[in-house]
Amino acid sequence: MGALPVFRWRLAPDGYATRRQLRAQGLRPGGQDVAAQLERPRRSRGPLVAYLYRVDDAKPVRPMTPARWAALAKANTARRTCPSCQLDAGYVIPTSLGMCVTCAYPDESAA
């Protein structure tokens, strides 16, 4: 395999798309290799790079099964449950705190 074709930002030809663009069309890369890349120059750092995939080789997104929905709900519930007080915080627990705000700052909530 040779070097990837490189296009300037917003100048990619038709038939190529990023993962997000594929997803918006209800598609996924489907195991294909990166076909090209976009580069957006920046002044003080290296360029931003976006990888492109062939739209004609993309496959449809797999549908969510009931088991996948259940697993996703379980994972989101775990992210909202405080490990200290075991209550649903009503929001995703910040990883920087590791517990709900009420447990992390008990003195300030009493005032």
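Which residues form a positive surface patch? In this predicted model, where local features need pLDDT of at least 70, side-chain atom pairs count only at pLDDT 80 or more, and totals for chains, interfaces and linings use all residues, the patch is made of Arg10, Arg40, Arg42 and Arg45. Residues are numbered from 1 along each chain as its sequence is written, and side-chain values use heavy atoms, with hydrogens and water left out. Patch members have over 30% relative accessible area and no salt bridge, with like charges joined within 9 Å and nonpolar side chains (Val, Leu, Ile, Met, Phe, Trp, Tyr) within 5 Å. Lys and Arg count as positive and Asp and Glu as negative, while His and the chain ends are not counted; each charge is placed at NZ of Lys, CZ of Arg, CG of Asp or CD of Glu. Accessible areas come from the Shrake-Rupley method with a 1.4 Å probe, and for residues only the protein chains shown count as cover.

One of the patch residues, Arg40, lies in strand E4 (residues 36-40); strands (E, at least two residues) and helices (H or I, at least four) are DSSP runs numbered from the N terminus. Arg40 counts as partly exposed because its relative accessibility is 41%, the classes being buried under 20%, exposed over 50% and partly exposed in between (1.4 Å probe, protein chains only).

Strand E4 also takes its place in an open sheet of four strands, ordered E1-E4-E5-E2 with mixed pairing. Strands E1 (6-8) and E2 (16-17) stand at the edges with a single partner strand each, so one side of each has no neighbour in the sheet. Pairing here requires at least two DSSP bridges between two strands. E2 and strand E5 (residues 48-54) run antiparallel and are joined by two bridges, and Tyr16 stands opposite Arg54 in E5.

In one, Arg54 meets Asp56 at 3.1 Å, N to O; Arg54 is partly exposed at 26%, whereas Asp56 is exposed at 55%. Arg80 and Asp88 are also joined by a salt bridge, at 3.2 Å, N to O. Here Arg80 is partly exposed at 30%, and Asp88 is partly exposed at 48%.

Finally, Lys59 is found in strand E6 (residues 59-60) and is partly exposed, with a relative accessible area of 39%. Its C-alpha atom is separated by 38 Å from that of Ser96, 37 residues apart along the chain.

Definitions and conventions: A salt bridge is a side-chain nitrogen of Lys or Arg within 4 Å of a carboxyl oxygen of Asp or Glu.
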